Amino acid sequence: MNQYEFWDLIETAQMGSESSEAFADRLTEMMISVTAEEILGFYEQLSDLCSSAYRCDLWGAAALIYEGYCGDDPFLYFRLWLVAQGKTVYESALASPDSLAEHRPIQVMAAKPMSDWDEDSEWPWLESLLNVAPNAYEQKTGMSFDDAIDARRPDVLRSVSEGDPVGEPWDLSNREEIQRRAPRLAALFLHKVK
């Protein structure tokens with residue numbers, strides 16, 4: 001599966017999905033209709049995109065949005081959410097994480113405390129995207145997804161969070177630094193960072 005096909009599936013599944021769960025369910029149904037090889041290719045594309053987003057600037061933006069803290073797992077789930085937003089949002093965020101301030105879901109999150117975000121529709125967190133390809137593959141073939149993906153490319157998703165992220169880490173305690181690095185996100189979220 002090439003990137004064009006990957007993004008087409010993501011963006012088609014996103015249309016009309018009111019929640020993260022609905023998105024993951026719709027995408028799983030769509031994946032069952034493609035070949036087993038394409039399901040494995042989808043997972044490889046997802047892994048590559050998450051690896052490309054394993055960067056300090058995106059991690060800093062995620063931590064700012066999460067009101068000051070973002071650990072390893074939350075950052076992975078944030079990157080999965082970022083992919084699920086579609087090609088334009090993903091590529092814009094890689095070019096400048098501050099561009100996320102223009103994304104409507106981020107603006108909705110900024111308007112209220114994190115404790116009031118709707119867990120299924122507002123959190124920038126999409127752990128269930130990890131299960132789409134495995135579930136579709138096993139439903140389609142009746143065989144083990146883990147064995148199939150390990151036979152093709154054992155590094156898939158293991159490399160997503162290995163080593164250090166690319167770039168210089170953000171110091172969220174330094175308000176001037178955050179305002180310099182991400183002025184639009186800082187305007188939305190910096191007052192929430194404790």
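Colleague: Leaving aside neighbours within four places in sequence, which residues is Val83 in contact with?

Modeller: This is a predicted model. In it, Val83 is in contact with Phe6, Trp7, Ile10, Leu46, Leu49, Cys50 and Tyr90, once neighbours within four places in sequence are set aside.

Colleague: Where does Val83 lie, and is Val83 buried or exposed?

Modeller: Val83 lies in helix H5. Its relative accessible area is 0%, so Val83 is buried.

Colleague: How far apart are Val83 and Asp150 in space?

Modeller: Their C-alpha atoms are 23 Å apart, and 67 residues separate the two in sequence.

Colleague: Cys50 was among those contacts. How many disulfides are there?

Modeller: The count is zero disulfides. The closest cysteine sulfur to that of Cys50 is in Cys70, 13 Å away, which is too far for a bond. Cys70 is in no disulfide either, as the nearest cysteine sulfur, that of Cys56, is 12 Å away.

Colleague: Are Cys50 and Cys70 buried or exposed?

Modeller: Cys50 is buried, with a relative accessible area of 0%. Cys70 has a relative accessibility of 8%, and because the cut-off for buried is under 20%, Cys70 counts as buried too.

Colleague: Turning to the largest nonpolar core, which residues touch the most other members?

Modeller: Leu27, Leu129 and Leu185 do, in a core of 69 residues. Helix H5, residues 72-84, supplies the largest share of this core, with nine residues. In soluble globular proteins, nonpolar side chains tend to be buried together.

Colleague: What does Leu27 touch?

Modeller: Not counting residues up to four places away in sequence, Leu27 touches Leu9, Ile10, Ala13, Phe42, Leu129 and Val132.

Colleague: What span should helix H8 have, and how far apart are its end C-alpha atoms?

Modeller: Helix H8 has 13 residues, 129-141, and at 1.5 Å a residue they should span 18 Å. The end C-alpha atoms are 19 Å apart, which agrees. Gly142 follows H8 and has a positive phi, near 75°.

Colleague: Stepping back, how many helices and strands are in the protein chain?

Modeller: The protein chain has eleven helices and zero strands. Of its 194 residues, 51% count as buried. Among contacts between residues at least 6 apart in sequence, 70% join residues at least 24 apart.

Colleague: What is the radius of gyration of the protein chain?

Modeller: The protein chain has 17 Å; a compact globule with 194 residues would have a value near 16 Å, which agrees. Along the principal axes, the C-alpha atoms fill a box of roughly 55 × 35 × 25 Å.

Colleague: Lastly, what is the mean pLDDT of the protein chain?

Modeller: The mean pLDDT is 92, and 97% of the residues reach 70 or more. Where pLDDT is low, the predicted coordinates should not be read in detail.

Methods. Residues are numbered from 1 along each chain as its sequence is written. This is a predicted model: local features need pLDDT of at least 70, side-chain atom pairs count only at pLDDT 80 or more; totals for chains, interfaces and linings use all residues. Side-chain values use heavy atoms; hydrogens and water are left out. A disulfide is a pair of cysteine sulfur atoms within 2.5 Å. Buried means under 20% relative accessible area, exposed over 50%, partly exposed in between (1.4 Å probe, protein chains only). A nonpolar core is a set of buried Ala, Val, Leu, Ile, Met, Phe, Trp, Tyr and Cys residues joined through side-chain atoms within 4.5 Å. Helices (H or I, at least four residues) and strands (E, at least two) are DSSP runs, numbered from the N terminus. Contact means heavy atoms within 4.5 Å. The expected span of a helix is 1.5 Å times one less than its number of residues. pLDDT is the predictor's confidence in each residue, from 0 to 100. The radius of gyration is taken over C-alpha atoms; the globule rule is 2.2 Å times the number of residues to the power 0.38.
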